[in-house]
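Welcome! Please take a moment to look over the sequence and the model shown here before reading on.

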2 protein chains.
Amino acid sequence: MYDVAIIGSGPAGISAAVNLKILGKNFIWFSSRASSKKVERAELVKNYLGLPNVTGGELAWTFQNHFEGMNIKLNEKLVTGVYQTEGHFTLLAENENYLSKSVILCTGVQAEKQLDGEEEFLGRGVSYCATCDGFLYKDKKIAILITDKKFEHEAEYLCGLSDKAYVMPMYNGYEINSPKAEIVLKNPVKVSGGMKADKVVFKDCEIDVDGLFILRGSVSPSTLVHGLQSNDGHILVNRDLSTNIKGLFAAGDCTGRPYQYAKSVGEGNVAAHSAVEYLASLK
Amino acid sequence: MYDVAIIGSGPAGISAAVNLKILGKNFIWFSSRASSKKVERAELVKNYLGLPNVTGGELAWTFQNHFEGMNIKLNEKLVTGVYQTEGHFTLLAENENYLSKSVILCTGVQAEKQLDGEEEFLGRGVSYCATCDGFLYKDKKIAILITDKKFEHEAEYLCGLSDKAYVMPMYNGYEINSPKAEIVLKNPVKVSGGMKADKVVFKDCEIDVDGLFILRGSVSPSTLVHGLQSNDGHILVNRDLSTNIKGLFAAGDCTGRPYQYAKSVGEGNVAAHSAVEYLASLK
């Protein structure tokens, strides 16, 4: 059982990790990628105090050096579910369960919009996890929405299992090697069905499927944690960055604007301190 | 008329200034000292992301370099009052008035406790400003509470005006050169009086005076701004760092724990953005 689980490797997540390490807590840290693409892509950052005129790449490198220098390890795994169970949390990350007394969500804001019906059919024909649910669709007809090159091996694994796979890559330069794959270069807008999802809907047509896999770098907070209160796409937090769920905290862009490095780093710091206070209250 | 006035030169104040500069606002920035003593005194800071293992002195130097490199000027003046007047604020800083549409308080937490009666008699026998009110006590008997060597020239100016001055230095190594000064090495606990303050009270005795000057590096927020809501010594703020007074924001240690550099820098950043949003709403 961990004291704290952190989800997300942007500035807020790194800041939370660094602070928890200093505060001597037993924590585990997940992210689907080693560093934040959004930070890396920033051209010039002038307002992160102490590092004037850095590029996003330099900032990302400096932040990474900071946590690596403290022997903090990031687990490159996508967390697809956070469940409340008897006074603690269970996190599902690529087919394995992790138990933690508290959680800090630093999931950023999603660039990609959710599909209509995605949340509704999650677990009923819609899945985020190839290794968790792939075997359920052996010899069946599936669709795979894939948002990043790094998920291509998962897509190919799913294609191999399936009878036929409609693959929808949302980026350029895709390479999907499978005789069962049919590339569909259209944007799906909706997933629909009855008891289970059975249709992927496009603007001008639809495809019948047995299931839809969405391979995306992050899962929206409200999908991740059942019952988490949010407003306009942002997690509702109090001044101490606690949420409506006891023991669950949030920091960074996912808590709202302004989307700023300094805000995220500050919130990661505060959330770590609040989690430690919460842990003390459990004793 | 300025867009924004910032009070305080700790990490929150510097962060607010840097952000307002980038956001192209016309702001004025006050502090009674060039940099935060509290930052300078920190031994080792490990959790300010991007600058691992810096001393407080190095951090202060790095922050100062950041704003000086952007040609931002700090006005070394103590603000002793912030008044709301017809849709804007008037700041009183060492006998001069400054007008601003919005204000960001980054005043930190006070190490020194207020005296009993200090707030009650402010402006009625108690003053924070030698140059503003000194002439009112010409040839009178005054007490001077002085908390830092840097205020000694103000104390001597007051001694010179007075008939007699009881000087209470709250630090070691004081040098007050005035034939009218009598050094009192006791801690005052209270200032009392009727319509006006006329007594400084110690644990075991009291002194009759015509007025009391308190020369301190900062003025507590609730004294500074009439009607500002606070709780347990911290200014009450919303998530966007607005206070109960429209156009007035607060950031850093003055808004509450944890007292952390990253939190302060993040809050200075957010407060600057919120002030800019407020300015836009005025149009």
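The report below walks through the chains, their pairing, the helix packing and a few backbone details.

## Before you start

This is a predicted model, in which local features need pLDDT of at least 70 and side-chain atom pairs count only at pLDDT 80 or more, while totals for chains, interfaces and linings use all residues. Residues are numbered from 1 along each chain as its sequence is written, and chains are lettered from A and ligands numbered from 1 in the order in which they are written.

Helices (H or I, at least four residues) and strands (E, at least two) are DSSP runs, numbered from the N terminus. Two residues count as being in contact if their C-beta atoms, placed from the backbone, lie within 7 Å. For residue classes, Ala, Val, Leu, Ile, Met, Phe, Trp, Tyr, Cys and Pro are nonpolar, Asp, Glu, Lys and Arg are charged, and the others, Gly among them, are polar.

## Two domains in chain A

Let us begin with a single chain. Chain A is split into domain 1 (2-110 + 219-282) and domain 2 (118-215), with bounds that come from an automatic or database domain assignment. Between the C-alpha centres of these two domains of chain A there are 29 Å. Domain 1 of chain A brings five residues to the contact and domain 2 of chain A brings six residues. On the domain 1 side, the residues touching domain 2 of chain A are one nonpolar, three polar and one charged.

## How the two chains pair

Two copies of a chain are related by a rotation about an axis and a shift along it. The same surface serves both copies, as 100% of the contact residues of chain B recur in chain A.

In the interface, 29 residues of chain B are in contact with 29 residues of chain A. On the chain B side, α1, α3 and α8 (261-282) each supply at least two residues. Of the elements of chain B, α8(B) gives the most, with eight residues. By class, the side of chain B that touches chain A has 14 nonpolar, eleven polar and four charged residues.

## Helices packing in chain A

Two packed helices are described by the angle between their axes and the distance between the axes. Axes are lines fitted to C-alpha atoms, for helices over the stretch in contact, and angles run from 0 to 180 degrees between N-to-C directions. In chain A, helix α1 (residues 11-22) packs with α8(A) at an angle of about 35 degrees, and their axes are 7 Å apart. The crossing of α1(A) and α8(A) is right-handed; a crossing is right-handed if the near helix is turned clockwise from the far one by less than a right angle, and left-handed if anticlockwise. Residues of α1(A) including Ile14(A) and Leu20(A) meet residues of α8(A) including Val265(A) and Ala272(A). That contact of α1(A) with α8(A) has nine nonpolar, seven polar and one charged residues.

The axes of α1(A) and α3(A) come within 10 Å and cross at roughly 20 degrees. These two helices, α1(A) and α3(A), are therefore roughly parallel to each other, a term for angles under 35 degrees. Their crossing, α1(A) past α3(A), is left-handed. Pro11(A), Ile14(A), Ala17(A) and Val18(A) of α1(A) make the contact with Phe63(A), His66(A) and Phe67(A) of α3(A).

## Backbone details

Finally, some local features. Arg257(A) and Pro258(A) are joined by a cis peptide bond, with omega of about -5 degrees. Pro258(A) sits in the loop between β17 (248-250) and α8 (261-282) of chain A. In chain B, a cis peptide bond joins Arg257(B) and Pro258(B), with omega of about -5 degrees.

Asn71(A) belongs to the loop between α3 (56-68) and β3 (75-76) of chain A.

Methods:
Angles under 35 degrees count as roughly parallel, over 145 as roughly antiparallel, 65 to 115 as roughly perpendicular and the rest as oblique.
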